[in-house]
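Please find below my notes on the model you asked me to look over. They are set out as numbered points, with the cut-offs given where a term comes up.

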Amino acid sequence: PAPPDQLLPKSAVPAGFVLNSKYSGSLTPAQYSPSLGDVQAALLYDQDTGIVRAVYTRSVNGQTAEVLEVTAIAFMNEADSNRWLGSFKDLEGLKSLLATSVQPPRLGLPGTVLAYDRAQAQFPSLGLNNVTDYQTVYSNGGEFFQVDLAGAGASIEQSAQILKAAVEAAP
């Protein structure tokens, strides 16, 4: 995947969001992150080595008001990507009390697009807790992208448009 500052075109970053370099970068399954626990669990299961994540935050009066996470994984082949997607969907299904699968907006992208409305999402290291996280996911060939948009101004439509921008910007 591209470096964190190149996962998303600057024009697709919502107004007021800034890249948080402390939480962005390459991530391995050994580096636990509460907001990416399901991603990391599936990586361990599928024996893959890492992911790249870009974390953006928007603050109001010095406090984090919204979080945007863009995660990318490049697989060697479509079979590995499909196995990963299956693991990911299974883990999301286990969280059905907090994560509800919803109809994703039509994006005109080839491949699989999924969407989740995740209640009571936690981003403790960023100071944002018990918020709704709108998560959109894309898988095609050896590519996997995940966008999490959480906070008061977030929506599934906005998360999906950010996902589309990330996919279209991929090399």
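This is a predicted model: local features need pLDDT of at least 70, side-chain atom pairs count only at pLDDT 80 or more; totals for chains, interfaces and linings use all residues.

1. Residues are numbered from 1 along each chain as its sequence is written, and side-chain values use heavy atoms, with hydrogens and water left out.

2. The protein chain contains 3 helices and 8 strands, taken as DSSP runs numbered from the N terminus (helices H or I, at least four residues; strands E, at least two), and along the sequence they follow the pattern β-β-α-β-β-α-β-β-β-β-α. Of its 171 residues, 50% count as buried, that is, under 20% relative accessible area with a 1.4 Å probe and protein chains only, where over 50% would be exposed and anything in between partly exposed.

3. Strand 4 (residues 63–74) has 10 of its 12 residues buried, so it is largely enclosed by the rest of the structure. With strand 3 (residues 51–60) it pairs in the antiparallel sense over 9 bridges, pairing being assigned if DSSP finds at least two bridges between two strands. Arg 53 stands opposite Thr 71 in strand 4, and the two strands form a hairpin with 2 residues between them, where Asn 61 in the turn has a positive phi of about 50°.

4. Strand 4 is also joined to strand 8 (residues 143–151), again antiparallel, by 9 bridges, with Ala 72 standing opposite Phe 145 in strand 8. The structure holds 1 aromatic pair, formed by Tyr 138 and Phe 145, which is tilted at 6.5 Å centre to centre and 40° between the planes. Rings of Phe, Tyr and Trp (its six-membered ring) pair if their centres lie within 6.5 Å, with planes under 30 degrees apart counted as stacked, over 60 as edge-to-face and the rest as tilted. Both Tyr 138 and Phe 145 are buried.

5. In the largest nonpolar core, of 29 residues, Leu 8, Leu 68, Val 70 and Leu 163 touch the most other members; such a core is a set of buried Ala, Val, Leu, Ile, Met, Phe, Trp, Tyr and Cys residues joined through side-chain atoms within 4.5 Å. Helix 3 supplies the largest share of this core, 7 residues. Apart from it lies another core, of 11 residues, among them Leu 27, Phe 75, Leu 85 and Phe 144.
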